[in-house]
Amino acid sequence: MRFVQNFPFFSIILSMFSGIISSVLPARAARWLNTALIVTVGAMSAALLWFLTGTQEAYVYWMGHFPAPWGNEIRAGVLEAGMALFFCVIMLLSMLGGEKKLLGEVEYSKHNLYYILVDLLLSSLLALVYTNDLFTAYVFVEINTIAACGLIMIRQNGRTIEAAVRYMIMSLLGSGLFLLGLCTLYDLTGHLLMSNIKEAVAQLAEQQAYTVPLMTTIGLISVGLAIKSALFPFHTWLPDAYGYSTVSSAAMLSSLVSKGYIFLLIKIFYRVIGFDIITESKVINVLFVFGLMGMVFGSLSAIRENDIRRMISYSSVAQIGYIYMGFGLGTEIGMVASVFHILSHAATKSLLFISAIGLTDVSRGSRKFQDLTGAGYRNKLAGVAFTVGSLSMVGVPMFSGFVSKLLFMEASLGHAVKMFPALIVLALSTILNAIYFMKTVIRIYVPDRRPDCGIITGKDEKLYAATLVCFIVLNVALGMLSEPIVQWIRTGLSMFG
Amino acid sequence: MLGPNLFTNYGEAVAVVLFCIGFSNLLLQKNLIKKIIGLNIMDTTVYLYLAEKGYIAGRAAPIVTDGVQEVSAYINPVPSGLVLTGIVVSVSVTALMLSLTIRLYRRYRTLDLDEISARLKKEGL
């Protein structure tokens, strides 16, 4: 056992303890601790990723000294380590970018609570990424939900509390289904560790025994996690929750919380049920159809919206639809495309949320489109950043969104029946994306002299400007260096097996 | 095939029916308190389901008394452990939901979620 192999455990426990310690720290210290924590965990994940790329072998880490069927386990491969690193980067940038807003929107006495919630969110995300035990995954799913609910309602007004209630209701429905599926799976197999369940499920499938309960279980787990990650018909809580919470929360909720659940679902597909059984089941067809519907209806709702934050939120619904469509194709390359889209959407959506704040700030705080006219001139960097995010979402070459769209196209070509609906909806959704994002970009670059609005330059808000630059670089990097990243995803997924 | 199975596993069947009742209450009720009651029914029935699955007739909880050591004398302790963990989780989410409900009630003097949404739209926040 090399020392670096302890890092997944260290990162989970460190973030948990930082949350506990932050409760007695003053807000300033809690903020420093939070930043230091995210940087440390990111560095540890990077070291682990480097180590695993060297060995090319996933490993299992015993929590406590009990061997496989009894003890709890952590498992790390390149995909897990890379995901942890990516989550840390996005979280750090979202926190730094929204820091000024946080000061204005949240009471100062509540600030250290905010950092506690972020620490707990990080620990639960890491646990979801690394755990090898299904019931542990359930517990951390709930911790994640509670932390996310706190992040929504930390900015106190009627809207956010109502959004938090709606979010909780939907999430609890999802976790109820997930829990029931989990219990049935435990009954069928007698195990809770992912690798043991997979062996037992393969045996059951071979003997053709318990096919109906097994399919029901797959359905319950997939639908449960789909509800939690806001797949199309279950997205009603989303625009309020993302639209009215403080901006760091919105960026983290859209790019991290829902992605944590989706990553867990991928893990369950590969490591619990087995990819062959999943592709044969009918459940992925359901995910496919709802994914397609989400791609269209999410974009349609976004077009109707007259509020920039809510528009970006509705666009999330469409992007989650893309990811589930990739699952629904049921091919290896479809999964690769989905994982890439997780990265690309996380990087782009948080960029959009953070840059939209810069634009509304120079429009007297209004989020309505008519007031945003010319905002791109008043805050040049935010305008550029928003344009980059929009181009990436639409799928213009050089940016990350293009690569994921290309991968989705390639993936759908490999499937005889689902090829046509997938391609048609992809094209349609791209056009709809272009309509609402380009509408916004044109709007913010219409020359309009408004002496009543202030002008903000990069020099005034150095931290904010630096965050935006980092986000733009990340986006372009994902778009230009897609080859090694796709290669990394492929290796990671094959390590799942 | 279905009939006898359903009859021998009537405990599980009851649990699943109750789960559906709790689920639809949480989803469809307008009143927040009724929603929370639905949530509790839903969570509790999962524990009923687990307890039904974990129990083997005629066996005792796995605590060694009177020096009986054979495995056949005891039931599987894991489902009971899962129930305990699950109870902790559901208590905390119920507490969170109740506190959110109190906040909304103090602000709007109603427990009807749809009415609160309508009022928020009118406020145009």
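Helices and strands are here DSSP runs, numbered from the N terminus, a helix having at least four residues and a strand at least two. By this definition, A:Met398 lies in the loop between α17 (380–394) and α18 (400–413) of chain A. The structure is a predicted model. Chain A has 21 helices and two strands, whereas chain B has five helices and zero strands.

**Overall form of chain A**

- The C-alpha atoms of chain A fill a box of roughly 75 × 55 × 45 Å along the principal axes.
- A compact globule of 497 residues would have a radius of gyration near 23 Å, and the 22 Å of chain A agrees with that value.
- Of the 497 residues in chain A, 60% are buried.
- Contacts between residues at least 6 apart in sequence join residues at least 24 apart in 80% of cases in chain A.

**Overall form of chain B**

- From the N terminus on, the elements of chain B run α-α-α-α-α.
- The radius of gyration of chain B is 21 Å, well over the 14 Å that the globule rule gives for 125 residues, so chain B is more spread out than a compact globule.
- The C-alpha atoms of chain B fill a box of roughly 70 × 40 × 15 Å, taken along the principal axes.
- Buried residues account for 22% of the 125 residues of chain B.
- In chain B, 51% of the contacts with a separation of 6 or more are between residues 24 or more positions apart.

**Contact between the chains**

- Chain A gives 21 residues to the contact, and chain B gives 29 residues.
- On the side of chain A that touches chain B, α6 (134–153) and α7 (158–189) each supply at least two residues.
- The largest share of this side of chain A, 15 residues, comes from α7(A).
- By class, the side of chain A that touches chain B has 14 nonpolar, three polar and four charged residues.

**Nonpolar core**

- The largest nonpolar core has 204 residues, and those with the most contacts inside it are A:Leu121, A:Ala164 and A:Leu182.
- Leaving aside residues up to four places away in sequence, A:Leu121 touches A:Asn144, A:Ala147, A:Ala148, A:Leu151 and A:Met252.

- Helix α13 (residues 283–304) of chain A has 22 residues, which should span 32 Å at 1.5 Å a residue; the end C-alpha atoms of α13(A) are 32 Å apart, in agreement.
- Among the buried residues of α13(A) are A:Phe288, A:Phe290, A:Leu292 and A:Met295.
- The buried residues of α13(A) pack against α9, α12 (275–280), α14 and α19 of chain A.
- The 14 residues of α18(A) reach 21 Å from the first C-alpha to the last, close to the 20 Å expected at 1.5 Å a residue.
- The buried residues of α18(A) include A:Val403, A:Lys405, A:Leu407 and A:Phe408.
- Packing partners of the buried residues of α18(A) include α14 (308–329), α15 (332–361) and α17 of chain A.

- A:Ser350 is found in helix α15 of chain A.
- A:Ser350 counts as buried because 29 other C-beta atoms lie within 10 Å, the cut-off being 20 or more.
- A:Ser350 and A:Ala251 are 99 residues apart in sequence, but their C-alpha atoms are 4.4 Å apart in space.

- Strand β1 (residues 59–63) of chain A is joined to β2(A) by five bridges, and the two strands run antiparallel.
- The bridge partner of A:Val60 in β2(A) is A:Arg75.
- Strand β2 (residues 72–76) of chain A is mostly covered, with four of its five residues buried.

**Residues with positive phi**

- Most residues other than glycine have a negative phi.
- A:Tyr210 is not a glycine, yet has a positive phi of about 50°.
- A:Tyr210 is placed in the loop between α8 (194–207) and α9 (211–228) of chain A.
- A:Tyr210 counts as partly exposed, with 17 C-beta neighbours inside 10 Å.
- A:Met398, also a residue other than glycine, has a positive phi near 90°.
- With 14 other C-beta atoms within 10 Å, A:Met398 is partly exposed.

Note on methods:
Residues numbered from 1 in each chain as written. Chains lettered and ligands numbered in written order. Predicted model: local features only at pLDDT ≥ 70, side-chain atom pairs only at ≥ 80, totals over all residues. Contact = placed C-beta atoms within 7 Å. Nonpolar A, V, L, I, M, F, W, Y, C, P; charged D, E, K, R; others polar. Buried ≥ 20, exposed ≤ 12 C-beta atoms within 10 Å, placed from the backbone. Core = buried A, V, L, I, M, F, W, Y, C linked by C-beta atoms within 7 Å. Expected span 1.5 Å × (residues − 1). Rg over C-alpha atoms; globule rule 2.2 N^0.38 Å. Pairing = 2+ DSSP bridges.
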